[in-house]
Amino acid sequence: MSGIQLNTILSQFKEYAPLYLADQSWDNVGVLVEPSEDNPIIEKILFTNDLTEPVLDEAIERQAQLIISYHPPIFSPLKRLTQSNWKERIILKCIKHGITVYSPHTSWDAVDNGVNQWLISAFGTNEQDYTSRPIEQVKENDTPSKSQHLLTVTLPKEQNINLIKDIKDATVINEISCTTSNGPAIQVSISCSSRAVSSIMDLYRNEDNILKTIQIVDVQKPLDSRQGYGRLIQLKESRTIREAIENVKTLTGLKHIRLALANNKTIDSPIKTIAVCAGSGSSVFAGARNVDLQLTGELSHHAVLDAIHRGTTVILCDHTNTERGFLNIIKKHFEQIWNENQVKLLISERDKDPLEIV
């Protein structure tokens, strides 16, 4: 297996779902654990919904060098790394085994054809079945940088590339050896914010032979109406709550789900408007209150009571059961980009929702 450079793989994940789509007000996305080796070759990638200790043991056993954990294993700042806390043990063990951890989380929620789009596929797969839109659109001013750029610069071979790598919001994607009129050189491709562009320019401000090689391309895709959190769908033809339940069970593979029927409704009552949110829909559903059905992983007791008194039926599947099935979709997507002789894509067999009905 030939493998692919880590930075190349990460850039393709970011191309699929740019990190500026994530909810920057609270989420923690991107590279969370970085290997000590600079830009290593990756031969195996393990996808998981949650990075738990059993999943990490599986990654080590299956010799994965990169873990894509949908949920970030680090949310709150860590004050120490000890063996007394399971999350801290995971970070220490990843570092010990040279495993990189990358989390896309809400960027996968917001992107078109992401987690929420997979979830609404329970009710059909094309515009003949329904119309859809995000419940809450990504706001441009929520992003840490209004622009994302691709910058290339050609450096003499003796130049220290780590000066670039130390700049905040600058990620080296690729390094290519070349020859210039001044001798051996390296052409470096960097994904960076506007602020990082300025820092790189300042770095070589007094070196004209380097400065004149810098080329900058604006690569941030404009936000559009298909990008956002949750999905609101309008069915072309109504179906019963009973049918919707079977649709959800078929998609998720669950034998049982939790149902809260709206007041004065029966399981055979018709529905036509559906609000969907992978994970927890509590905040997103504030923008989709007057619908026939809400589908999500979890809601508070009082949010469910409020919904059924408004005439909205609620289906709950437990948090990660509304997310995990998407891993198969994303695996197939990247199998079209990387062939099996380059990198092997694995889905965790030990990742599961911590709750089960007994």
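## A walk through the predicted model

Start by selecting Phe13: beyond the residues up to four places away in sequence, Phe13 touches Phe47, Leu66, Ile68, Tyr102, Trp108, Phe334 and Trp338. Keep in mind as you click around that this is a predicted model.

Now widen the selection. Phe13 is one of the residues with the most contacts inside the largest nonpolar core, which has 69 residues. Ile45, Phe47, Leu66, Trp108, Phe123 and Trp338 are on that list too. Which strand gives this core its largest share? Pick β16, residues 270-280: six residues of the core come from there. Colour by domain next, and you'll see that the core draws at least three residues from each of domain 1 (4-108 + 324-347) and domain 2 (115-140 + 226-318). Apart from this core lies another one, of 18 residues; select Leu151, Val153, Ile164 and Ile200, which are among them.

While the domain colours are on, check the rest of the assignment: besides domain 1 and domain 2, the chain has a domain 3, covering 148-219. How far apart are the C-alpha centres of domain 1 and domain 3? They lie 26 Å apart. The two do touch, with six residues of domain 1 in contact with six residues of domain 3.

Next stop, the sheet. Show β7, β14, β16, β17, β18 and β15 as a cartoon: in that order, these six strands form an open sheet with mixed pairing. The edges are β7 (130-133) and β15 (258-260), each of which pairs on one side only. Look along the sheet and you'll find neighbouring strands turned by 25 degrees against each other on average, direction ignored.

β7 and β14 (residues 231-240) run antiparallel and are joined by four bridges. Click Tyr130 and look across to Leu235 in β14, which stands opposite.

Select Leu232 to find its bridge partner in β16, Ala275.

Now jump to Ser348, in the segment after β19 (344-347). Is Ser348 buried or exposed? Ser348 counts as buried because its relative accessibility is 9%, with the cut-off at under 20%. Display side chains here, and you'll see the one of Ser348 making a polar contact with the side chain of Glu58, at 2.6 Å. Leaving aside neighbours within four places in sequence, Ser348 is in contact with Leu46, Phe47, Thr48, Val55, Glu58 and Arg62.

Gln63 is not a glycine, yet its phi is positive, near 60 degrees. You'll find Gln63 in the loop between α2 (53-61) and β5 (66-69), where it is exposed, with a relative accessible area of 56%. Asn113 is not a glycine either, and its phi is positive at about 65 degrees. To get there, select the loop between α4 (106-110) and α5 (115-120).

Notes. Residues are numbered from 1 along each chain as its sequence is written. This is a predicted model: local features need pLDDT of at least 70, side-chain atom pairs count only at pLDDT 80 or more; totals for chains, interfaces and linings use all residues. Side-chain values use heavy atoms; hydrogens and water are left out. A nonpolar core is a set of buried Ala, Val, Leu, Ile, Met, Phe, Trp, Tyr and Cys residues joined through side-chain atoms within 4.5 Å. Buried means under 20% relative accessible area, exposed over 50%, partly exposed in between (1.4 Å probe, protein chains only). Helices (H or I, at least four residues) and strands (E, at least two) are DSSP runs, numbered from the N terminus. Domain bounds come from an automatic or database domain assignment. Contact means heavy atoms within 4.5 Å. A polar contact is a pair of N or O atoms within 3.5 Å; within protein, one must be able to donate a hydrogen and the other to accept it, and residues adjacent in sequence count only if both atoms are side-chain atoms. Two strands pair if DSSP finds at least two bridges between them. Axes are lines fitted to C-alpha atoms, for helices over the stretch in contact, and angles run from 0 to 180 degrees between N-to-C directions.
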